[in-house]
Amino acid sequence: MLSLILHGRKSLELQRWCNLRFAVNPLQYSSAFSSASAAADASLQDGRKGQNFTVSSYLVTSLGFTTKLAESISKKVSFEDNGNPQSVLSLLRSYGFRDSHISSIITNYPGLLTLDAESSLEPKLKFLKSRGASTSELTEILSKVPKILRIKKDKTLSRYYDFVKEIIQSDKSSNFQVSLPLPHGPNKIRNIFALRQLGMPQDLLFPLLVSQSGTVHGKVRFEESLKKVLEMGFDPTTSKFVQALRMLYQMSEKTIREKVNVYKRLGLSGEDVWEMFKKWPTFMTNSEKKITQTFETFSKCGLVEEEILSAFKKFPQCIGASEHNCVDTFLALGFSKDEVAVIFKRLPLCVSYSAELVKRKTEFVVKEMNWPLQAVVSFPAVLGLSMEKRVVPRCNVIKALMKKGFLGSDEPPPVGSALACTDELFLRRYVRKHDDDEELVAELMGILRGSRAS
């Protein structure tokens, strides 16, 4: 059946993607680290004797990770008293892995640091080298897919390593030819190869290969799910395709019918539900309790049934993410009930924003920029904008221009004019119009880029 899906004409979407990306025959198948390392090793030992050692601090010290990235990784791994992450790093360096390789490996597979370098990791590296892998090949492949090192059996490790190698090499060639035989090998390899033939890129393909979920393990169920996803028109080069495939694979027909019926009871049609699925596949995982809770939250915000269903259809990602006290959050900030209703009608997604986020952004707009609360009502999208990347830099530019008297008023421009426009339009409105003053333009660009405080 997989061959029919891949090479028949039952799915126009499949043909489009195969023709677009691939011509595939279906029958073929540093020194900076050295000093940091010594410091990290000492820190590791000393920290364990005291109380201040953390995974995060180790990653910052030994690998130069940013604090934010290190803290994110530290939530996924912990060092046991008898572990020695420094020995893992030393082993990798002895096999030719550079700083960029190691950073990529640890970012994608933090658990590697908890392995015993001598008994768990080195035998696998030796085995791969014994098969003829060069240093450049080994470092490239394991940097891209480090989790294949979790595989215990040599035969399976060989199969996965060779498959990844073929994909990487074919992507470097002009014809994207892959020579691994499709009819043989485990279902997982066959299924991943099928996705490869559809044009799925490495950054989506490789995580599926090493995933411990069952999405690409089966045969009949995988083929059925793949066929449905293609018939719905999902783009195989996007993460939405993977999400949709995972949802349809994991849920039984009975569960899907039950989910659809919940939405039908609220007033949506079956067609509406599947259109919502195309926009946000993971919305299908919401329980009936979460679905009705979101419906009730919108109702408390002042939306009538028709408006709620419209919000569901346009923004299915807001379902199941509602803050139970979100209405009280807005009221406590000084918004009226009517204004809250307007905000939620214009930006249904704000139902999923935390109280802390709404408060922080609203107070910034009102207290730091002297915009009235009505500005948030008029442009609620400000609540969804990044403070660090857009709101603060742009507002700092506005404040600098106001301080110098270049805006001709003590009042800031409309919030939409400053924050809703594209980066290019913002530059044209507030920076490049002063091109005759090179010093001012340089100052404004510095503020915008965060190179200095306002």
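**Exercises on helix packing and burial**

The crossing of H8 and H10 is right-handed (the near helix is turned clockwise from the far one by less than a right angle). The structure is a predicted model, in which local features need pLDDT of at least 70 and side-chain atom pairs count only at pLDDT 80 or more, while totals for chains, interfaces and linings use all residues. Residues are numbered from 1 along each chain as its sequence is written, and side-chain values use heavy atoms, without hydrogens and water.

**Exercise 1.** Determine how H8 and H10 are oriented and which residues form their contact.

*Solution.* Angles run from 0 to 180 degrees between N-to-C directions of axes fitted to C-alpha atoms over the stretch in contact.
Step 1: Lys 124, Phe 127 and Leu 128 of H8 make the contact (heavy atoms within 4.5 Å) with Asp 154, Leu 157, Ser 158 and Tyr 161 of H10.
Step 2: These residues comprise four nonpolar, one polar and two charged (Asp, Glu, Lys and Arg are charged; Ala, Val, Leu, Ile, Met, Phe, Trp, Tyr, Cys and Pro nonpolar; the others, including Gly, polar).

**Exercise 2.** Describe the packing of H8 with H9.

*Solution.* Step 1: H8 (residues 117–130) and H9 (residues 135–144) pack at about 130 degrees, their axes 10 Å apart.
Step 1: H8 and H9 are therefore oblique to each other, and their crossing is right-handed.
Step 2: On the side of H8, Leu 125, Leu 128 and Lys 129 take part; they meet Thr 135, Leu 138 and Leu 142 of H9.
Step 3: The residues of this contact divide into four nonpolar, one polar and one charged.

**Exercise 3.** State where Leu 440 lies, whether it counts as buried or exposed, and which residues it touches.

*Solution.* Step 1: Leu 440 lies in helix H26 (residues 438–448).
Step 1: Its relative accessibility is 5%, so Leu 440 counts as buried (under 20% relative accessible area; exposed is over 50%, partly exposed in between, with a 1.4 Å probe and protein chains only).
Step 2: Residues up to four places away in sequence set aside, Leu 440 touches Lys 404, Phe 406 and His 434.
Step 3: Between Leu 440 and Leu 401 there are 9.4 Å, C-alpha to C-alpha, although they are 39 residues apart in sequence.

Note on methods: Helix = DSSP H or I, 4+ residues; strand = E, 2+ residues; numbered from the N terminus. Parallel < 35°, antiparallel > 145°, perpendicular 65-115°, else oblique.
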